[in-house]
Amino acid sequence: MFDMALRSLNLPGVGTKYEFETDKGDTVAIFFTKTGAIQMYTLQKGCKTPSAAEMSPVEARRLGNILTGAIIEADQESVEIAFSALADLRITIHTIFVTAAVVGKTIEELQIRAKTGATVIAVCRHDRNIINPPPAFVFEEGDAALVIGESDQIRTFENEIMVK
Amino acid sequence: MEGFIIALFVCMVLALISKYLSVPAIPFYILAGVILGKAGLGIVSSNEITHFFSEMGLIFLLFFMGLELKLERIIADPSKVLVSGLIGLTVDMGIGFISAYLLGFTLMESFIIGAAFYITSTAIVITSLVENRKLMMRETETIIWLMVFEDMVLIIILALLSSGNQNLILFFAKIALALGFMYVIAHYGKEFLISILDRDDELPILFTFAAVLSTASFALFLGIPETLMVIALGAALATTDPDAFEQHARPFKDVFLVLFFVFFGVTIDFSGNLNWTIIAIVCLLAIFSKLVSGMLIGLTIHGSAMSGVEIWTNTISRGEFSIALAVLYGSPLVGATIATMVIVTSIVGSFAAKYSTWMRRGIVSHSRKRALIHRPHTGR
């Protein structure tokens, strides 16, 4: 997976450059500039002039999430982390707004882990984060839950627990 | 003092306009100074306070340059950097020096003009490369290393000019001593320096300011040029945590450097016996000589005249370092010449850098069209 040649280069006064050529011969170059902006260039094989886009760090992270294959919807966002060294282990972290089906119930009551295999690792309530909620934690309306698991487990969680 | 406030306010408005138009602000700051100062309305005059601020601007500019000089930096292809650097040095410095001498400047004045003529504005060049989305071009690396080479030459020029009539052995012994002292502090005090920089109170910024200022005054006390010493301080501190130092020194540099440009403009006197023909010739040659050096570098390094044009359009702008030389060593006549050259080349240069993309695209799409006409079925 990492046999493509990734070149990284420090350009004095400008920042750091990462560049690699794809199997098909296109070139992608990313520059982390000193001003904090991130510029991405793509050069199609056989072309002379690249196309460029400048991104803020937040935008660049979003692009990164999209590229790793995570699903991003308007209000839900997930990050998939792939560990190539561990037999291509893929872990997805997904945010989801609680539905009426779970409001007023505890994590234990819903049997989230037993039924789906996914785990609720944090809940965001009124801009405050509750990390590692205990089994007796009661969901309230407006909560956003952060769930970790494999993508199948996340899907089961969405279909069976957070019934709309 | 009112003049000072007016100057600051004008700069703020100009900075906004230049950012909005995405053109370099340096020529506008100098022009503002010229208009407000001696040569123009005469509202703002230079005095001890403004002189102090300007000096701070110069010192912080050079400190930043030092921070960028990471001595352990790996150069991908040293011979290419050396070849392109030497072409730039001989062509630009040569044309600048010889033409200034032929135009009637003294030998010393010609040397200063030649050096100011040679040194491109790193700030304008790099900002325009980023803003015009040119970082991926293969010429960009060549241009960036050209800037690093020019910085090295500038240090040598500063050392040569500031040695003056002193005993050279004693002079260089003192410099070596001060350099050694700084490197010892940076080396053995590394942990301590980093622990100070990591704090989130006022200490890091206070420390940075004090280190730069005390180095400058220590240099004055020893009788060695403070310009060289602050560059050396930057280079020594770059071995600890250069990013942190940059972050803490940036506010000082940003404010003082603007004042440095404005008050350089204020002191310019266009009323003396200036020969505008001579100044115009210098400006035109400044643009032309970069075409010659750019072409030669493009042909030797990239084997293409198009690359030469690209290098030329991106290296026309002269700026902060040319002005620094004018402020440090220039007579009023040289100052006025360099000021005009910086204003003209930086404005022409910023438009050339922008226009070169369109021009390149035009040529590329033209040749693509031609290719399509010749082989209509192979095109996309």
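This report covers the strands, helices and chain contact of a predicted model.

**Chain A overall**

Chain A has four helices and 10 strands. Their order along the sequence is β-β-β-β-β-α-β-β-α-α-β-β-β-α. Chain A is divided into domain 1, residues 6-56, and domain 2, residues 78-161. Taken over C-alpha atoms, the centres of domain 1 and domain 2 of chain A are separated by 36 Å. Chain A has 164 residues, of which 18% count as buried. Consider the contacts in chain A between residues at least 6 apart in sequence: 40% of them join residues at least 24 apart.

**The five-stranded sheet of chain A**

Five strands of chain A form an open sheet in the order β1-β2-β3-β4-β5. The pairing is antiparallel. From one strand to the next, the twist averages 15°. Which strands stand at the edges? They are β1 (6-11) and β5 (51-55) of chain A. Each has a single partner strand, so one side of each lacks a neighbour in the sheet.

In a regular strand, side chains alternate between the two faces of the sheet.

The pairings can be followed from β1(A). Strand β1(A) pairs with β2(A), residues 15-21, in the antiparallel sense over six bridges. Here A:S8 has A:Y18 of β2(A) as its bridge partner. The two strands form a hairpin with three residues between them. In that turn, A:G13 has a positive phi of about 85°.

Strand β2(A) also runs antiparallel to β3(A), residues 27-33, and seven bridges join the two. A:K17 stands opposite A:F31 of β3(A). This second hairpin, of β2(A) and β3(A), has five residues between the strands. A:G25 in its turn takes a positive phi of about 95°.

A:I38 stands opposite A:M55 in β5(A).

**Strands β8, β9 and β10 of chain A**

Strand β8(A), residues 119-125, pairs with β10(A), residues 144-149, in the antiparallel sense over five bridges. Four bridges join β8(A) to β9(A), residues 128-131, and these strands also run antiparallel. In β9(A), the partner is A:I130. The hairpin of β8(A) and β9(A) has two residues between its strands. There, A:H126 takes a positive phi near 45°.

| Hairpin (chain A) | Residues between strands | Turn residue | Positive phi |
|---|---|---|---|
| β1(A) and β2(A) | three residues | A:G13 | about 85° |
| β2(A) and β3(A) | five residues | A:G25 | about 95° |
| β8(A) and β9(A) | two residues | A:H126 | near 45° |

**A:S151 and its contacts**

A:S151 lies in helix α4 of chain A, residues 151-161. Is A:S151 buried or partly exposed? It counts as partly exposed, because it has 17 C-beta neighbours inside 10 Å, while a buried residue needs 20 or more. Leaving aside neighbours within four places in sequence, A:S151 is in contact with A:R90 and A:T92. A:R90 is 61 residues away from A:S151 in sequence. In space, C-alpha to C-alpha, A:S151 and A:R90 are 8.0 Å apart.

**Helix packing in chain B**

In chain B, helix α4 (residues 78-102) packs against helix α7 (residues 138-163). The angle is about 65°, and the axes are 9 Å apart. The crossing of α4(B) and α7(B) is right-handed. From α4(B), the contact uses B:V81, B:S84, B:G85, B:G88 and B:L89. From α7(B), it uses B:T142, B:W145, B:L146, B:F149 and B:V153. Six of the residues in this contact are nonpolar and four are polar. None is charged.

**The contact between chains A and B**

How many residues does each chain give to the contact? Chain B gives 14 residues and chain A gives 14 residues. On the side of chain B that touches chain A, the elements giving two or more residues are α6 (122-131), α7 and α16 (332-374) of chain B. The residues on this side of chain B divide into eight nonpolar, one polar and five charged.

Terms used: Residues numbered from 1 in each chain as written. Chains lettered and ligands numbered in written order. Predicted model: local features only at pLDDT ≥ 70, side-chain atom pairs only at ≥ 80, totals over all residues. Axes fitted to C-alpha atoms, helices over the stretch in contact; angles between N-to-C directions. Left-handed = near helix turned anticlockwise from the far one by under 90°. Contact = placed C-beta atoms within 7 Å. Nonpolar A, V, L, I, M, F, W, Y, C, P; charged D, E, K, R; others polar. Domains from an automatic or database assignment. Pairing = 2+ DSSP bridges. Buried ≥ 20, exposed ≤ 12 C-beta atoms within 10 Å, placed from the backbone.
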